[in-house]
Amino acid sequence: MTAVDSTADHIESVYRKMETALAIVRKRLARPLTFAEKILYGHLDAPAAAELEAGSSYIKTRPDRVALQDATAQMAILQFMLAGKDEAAVPVTVHCDHLIRAHRGAGPDLSLARIENREVYDFLASASQRYGFGCWLPGAGIIHQVILERYAFPGLMMLGTDSHTPNAGGLGVFASGVGGADAVDVMVGMPWEVLHPRIVGVHLKGRLRGWAAPKDIILRLLAQLTCAGGTNRVFEYFGDGVETISATGKSTICNMGAELGATTSLFPFDRRMKLFLESCGRLEAAELAERHADLLQADPGVLADPASCFAEIVEIDLDTLEPHVVGPHSPDRAATVSRMAAHITEGGCPEKVSYAMIGSCTNSSYEDMEKIAAMAGQLADHGLRLKTPLLITPGSEQVRATIERDGQLAKLEAVGATVLANACGPCIGQWNREGLEKGVANSIITSYNRNFPKRNDGNPGTCCFIASPETCLAYAIHGSFSRDPYSTGITAADGTTFRLSPPESVNEVPQTGFVRDAAGFLAPPDDRGQVGIQIRPGSERLALLEPFPPWSGADLLNLRLLLKARGKCTTDHISPAGPWLRFRGHLDNISDNIFNGAVNAFSGEAGKAVNGLTGETQAYNEIARAYKGAGENWVVVGDTNYGEGSSREHAAMSPRHMGGLAVITRSFARIHETNLKKQGVLPLTFARPEDYDLVQDGDRLDLLGLTELAPGSTVRLILHHRDGSTSESILRHSLNAEQITWFRAGSALNSLRRV
């Protein structure tokens, strides 16, 4: 065992901490507690003094674990190094899963990645050895699947530098995606501060039938609530339908809760979780959870009267739930499979399915592979192969080795599937797609979680749709969105016609347990003092950080307007991934991608604007560098839910590095707003959302009242237009007293270093 394992002693200590804190909180609140509240309040830094008003107060908590994926781990570790600590205060693991490009297949792709990314992997491995982190090397698996299999347990509170960290909610974990600076706070022994989320209850009634899958539950929820519907909310599932869903099915639902913008999502402990833990060889964790089951589910009073205990309740009838598809370009643009042909026509997307992809952190479980292998077997039994190229991404080496042993892998390959490395691959833009020119319209279907433009292959013409693995494979068999794949007959090799049958009787976990293999895991050594951290001088991929300058102490005057963004401006628009992942450890180099996808509200063009110094139309990174070189700072104006999407803090660090001092929007996504605060950028919102329309091309901006900045205060915005006129607006902020000290110090890390 290593210091990063979820040992029995560690799990026991978490439960003891929860029991102690909850005894205090129960006396204060004198009411039943939801399961989410039990974990949240059970991890309070100061349970006797914490403000417990959901939606309006910040609370400080003590998470038990931090997980870092390789793309975000680089900047997180560089910030940890700047903090000057010798080891982490909680167990930390690093997972090398984002930098492997999908192209030829698992073997060649993994070999190439080890060559292309050697200096990054060497840095992550050496830093892990130096600071006592566990490190999962390339090929071992996707961060969220490895966490689920190895470390997650009911009642755990965990932070991860990836927005899909809530995947662990399928095992009853309060798991939240954050930026690296938030993770570093916990790693150096400070509490995690978060706006007290409202708890939303999702009541699942009945059981899934026919072709409906766990994925369809979250797609249905996205259709109803939209991508902004979960901001500063936790989704807690309850009802008789909960125990009909496997642990990994629950994880799929929690994983895509990130698309709602939720702080996290989770399910209460039940027998399906116990079964999964046992199948992973984690008998002690299963037994301890069963022994402390009262801690790991809502109080009886909550279930007796949920309306009085949840801020809101959403009901979903599983008996009548239909298979769903969402897209293109947004995970809340939904249609049922029965309406998909009309949805395609209305959206103007090509009917032909050019590619199908199954896997990623969202749908790569043993059960998922069992279901699609059963469907592939039906196809093979009728002498057929797939009409559409199909890429399969196992979530971990444990899953891959087990489906090879149990035969599912052979069934999938027999009908034409290509198995990729155990990594994120096309889900995050690491897809070396051939044979398609940029801009060419085409449609693909995936079981992934996001489908923003250019997300998968860098092509703005690709229309990506998201569905369950079963629905993805059904469309791959037919090759077209123009017909319902479940009700349309398929012509067999002998000329007869058949229809697909739902794979209802499959194993959710392997009957003989998973293949247990720790290959690819680098444990921290006993003697860490002599380990040197490897950063090559002059590297284009890694560079040590310099602290950001502190606030001047005065109001910000005569700021340039770099960008007024129209419509969706996600973190993919602000700091794209794909080929830019190679620079995630080099702040200056990756800053050349800022706002590449942001739509200019004045021209409608993405990624470009007029340079106020020269009058030339240039890319935003060039304009920002020009302003910075001239000693001028700038501001960004955004629309609603600005910063939706991933937890990548580069979307906050790069603007700060390039001279950005404030972002003004109609509204923010939770993680991105926090990331801006951490890096010393002011996140401000229009008190009157319609004042967004006052901002004109070429404006100069004054931000007044900063010397009196305080919790609940407002900031006065003066817009100086080109024609000499001015407009005024009142701006709000959500900064608390501590976050204001971050702004004054120049960043949260600067404030930490002073302490």
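Does asparagine 456 count as buried or exposed? Asparagine 456 counts as buried, because its relative accessibility is 3%; buried means under 20% relative accessible area, exposed over 50%, and partly exposed in between, with a 1.4 Å probe and protein chains only.

Before going further, I note that this is a predicted model, in which local features need pLDDT of at least 70 and side-chain atom pairs count only at pLDDT 80 or more, while totals for chains, interfaces and linings use all residues. Residues are numbered from 1 along each chain as its sequence is written, and side-chain values use heavy atoms, with hydrogens and water left out.

Asparagine 456 sits in the loop between strand E17 (442-446) and E18. Helices (H or I, at least four residues) and strands (E, at least two) are DSSP runs, numbered from the N terminus. Apart from neighbours within four places in sequence, asparagine 456 has contacts, meaning heavy atoms within 4.5 Å, with Pro426, Cys427, Gly429, Gln430, Trp431, Ile444, Tyr448 and Cys464.

In E17, 5 of its 5 residues are buried.

Which strands pair with E17? Pairing requires that DSSP finds at least two bridges between two strands. Strand E14 (residues 353-359) runs parallel to E17, joined by 4 bridges, and valine 353 has serine 443 as its bridge partner. E17 also pairs with E18 in the parallel sense, over 5 bridges, with threonine 446 opposite isoleucine 466.

Just after H13, glycine 348 takes a positive phi of about 70°.

I turn now to the pockets. On a 1 Å grid over the protein atoms alone, a pocket is an open set of points where a 1.4 Å probe fits, with protein on both sides within 12 Å along at least five of seven lines; lining residues have an atom within 4 Å of a point. Grid points are joined across faces, edges and corners, and a volume is the space filled by probe spheres set on the points.

The largest pocket holds about 810 Å³. It is lined by 35 residues, with Gly429, Gly458, Ala577, Gly578 and Pro579 nearest its centre. Gly429 is also among the contacts of asparagine 456. The second largest pocket has a volume of about 410 Å³, and 19 residues line it, of which Leu208, Thr244, Glu367, Lys371 and Glu504 are closest to its centre.

Thank you for your attention.
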